Amino acid sequence: MLTRRHLIAAALATPLPALAAGRPVVTILGDSITAGFGLPASAAFPARLQAELAKLGKSAVIRPAGVSGDTTAGGLARVDFSVQKDTSLCIVALGGNDLLRGLKPGTTKANLDAIVRRLKARKIRVLLAGLAAPPAIGGGYAREFNAVFPAVAKAQGVALYPNLLGGVAGMTRFNQRDGIHPNAQGAALIAQRLAPTVAKALG
């Protein structure tokens with residue numbers, strides 16, 4: 001029986017041929033940041049990224065495939081149907097909920113590695129978006145978690161964006177009241193900083 005999460009993920013995988021016609025598709029496999037938690041779609045990270053790419057002369061369709069609360073294990077479970085076959089580039093933006101739940105970094109690494117391998121096997125280019133654990137979470141755990149993303153990118157030979165929330169995490173003016181999810185300003189800043197890396201990955 002399909003769970004609510006899988007039904008949501010299946011809906012995300014609905015083909016959008018009219019929107020994608022003649023333009024490369026960039027799918028963002030992610031969590032609540034990608035899903036635009038607390039924001040209208042027009043102000044959320046995926047829409048802002050598409051706008052920033054357009055400013056750089058890159059006409060691409062950004063296809064959000066985010067499920068709030070998703071861990072890397074959840075992303076691995078749905079990667080094959082959430083990332084459609086017309087995807088030129090997949091931004092893997094997962095790991096934040098692993099961090100919040102204190103999951104073992106080794107597990108996060110294994111899941112991300114498997115996600116990247118599956119995408120590469122389908123001839124889909126990958127951009128891995130990393131995260132940085134706050135020092136207050138514990139020095140040893142933070143170092144181990146932070147090492148996950150560069151290690152996976154190096155092992156799999158894919159592009160790495162070191163910290164998706166760089167300049168936004170921990171900054172009150174860029175986050176909603178929960179202190180975790182970016183507000184409209186934060187989403188815009190994330191997109192602005194990430195866009196050049198995505199443009200380069202698209203070629």
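**Entry 1: Pro 182**

Element names follow DSSP runs, numbered from the N terminus: helices are H or I runs of at least four residues, strands are E runs of at least two. I am working on a predicted model, where local features need pLDDT of at least 70, side-chain atom pairs count only at pLDDT 80 or more, and totals for chains, interfaces and linings use all residues. Residues are numbered from 1 along each chain as its sequence is written, and side-chain values use heavy atoms, with hydrogens and water left out.

Is Pro 182 buried or exposed? I read 6% relative accessibility, so Pro 182 counts as buried. My cut-offs are under 20% relative accessible area for buried, over 50% for exposed, and partly exposed in between, with a 1.4 Å probe and protein chains only. I then checked Pro 182 against Leu 165: they are 17 residues apart in sequence, and 8.7 Å apart in space, C-alpha to C-alpha.

**Entry 2: the cavity**

I noted the terms before searching. The grid has 1 Å spacing and covers the protein atoms alone; a cavity is a set of points where a 1.4 Å probe fits but cannot get out. A pocket is an open set with protein on both sides within 12 Å along at least five of seven lines, and a lining residue has an atom within 4 Å of a point. Points are joined across faces, edges and corners, and a volume is the space filled by probe spheres set on them.

My search of the whole structure gave 1 cavity of 30 Å³ or more. The largest cavity has a volume of about 40 Å³. Pro 182 is in its lining, which also includes His 181, Phe 37, Phe 45 and Ala 187. I sorted the lining into 7 nonpolar, 3 polar and no charged residues. For this sorting, Ala, Val, Leu, Ile, Met, Phe, Trp, Tyr, Cys and Pro are nonpolar; Asp, Glu, Lys and Arg are charged; the others, Gly among them, are polar.

**Entry 3: the pockets**

The largest pocket came out at about 540 Å³. Which residues lie nearest the centre of the largest pocket? I found Gly 96, Leu 99, Leu 131, Leu 165 and Ile 180, out of 28 lining residues. Helices α3 (32–35) and α6 (96–100) each supply at least two residues. α6 gives the most, with 4 residues. The lining of the largest pocket divides into 15 nonpolar, 12 polar and 1 charged.

The second largest pocket holds about 180 Å³ of space. It is lined by 13 residues, with Thr 34, Ala 41, Ala 44, Pro 46 and Pro 64 closest to its centre. α3, α4 (45–55) and β2 (61–66) each give two or more residues to this lining.

I traced an open sheet of 5 strands in the order β2-β1-β3-β4-β5, with parallel pairing. The edge strands, β2 and β5 (159–161), each pair on one side only. The twist averages 20° from one strand to the next. Two strands pair if DSSP finds at least two bridges between them.

I went through the pairs. β1 (residues 25–30) joins β3 by 6 bridges, and Val 26 stands opposite Leu 89 in β3. β3 pairs with β4 over 4 bridges; there the partner of Leu 89 is Arg 125. β4 (residues 125–129) joins β5 by 3 bridges, with Leu 127 partnered by Ala 159. β3 (residues 87–93) is mostly covered, with 6 of its 7 residues buried.

**Entry 4: aromatic rings**

I paired rings of Phe, Tyr and Trp (its six-membered ring) if their centres lie within 6.5 Å; planes under 30 degrees apart are stacked, over 60 edge-to-face, the rest tilted. The whole structure gave 2 aromatic pairs. Tyr 141 and Phe 145 are stacked, at 6.4 Å centre to centre and 10° between the planes.

Why are Tyr 141 and Phe 145 separated by about one helical turn? I see that they are 4 residues apart in helix α8 (residues 139–146). Tyr 141 is partly exposed, with a relative accessible area of 22%. Phe 145 has 0% relative accessibility, so I list Phe 145 as buried.

Phe 145 and Phe 149 pair edge-to-face, at 5.5 Å centre to centre and 75° between the planes. Both are buried. I logged Tyr 141, Phe 145 and Phe 149 as a cluster linked by ring pairs.

Notes: Axes fitted to C-alpha atoms, helices over the stretch in contact; angles between N-to-C directions.
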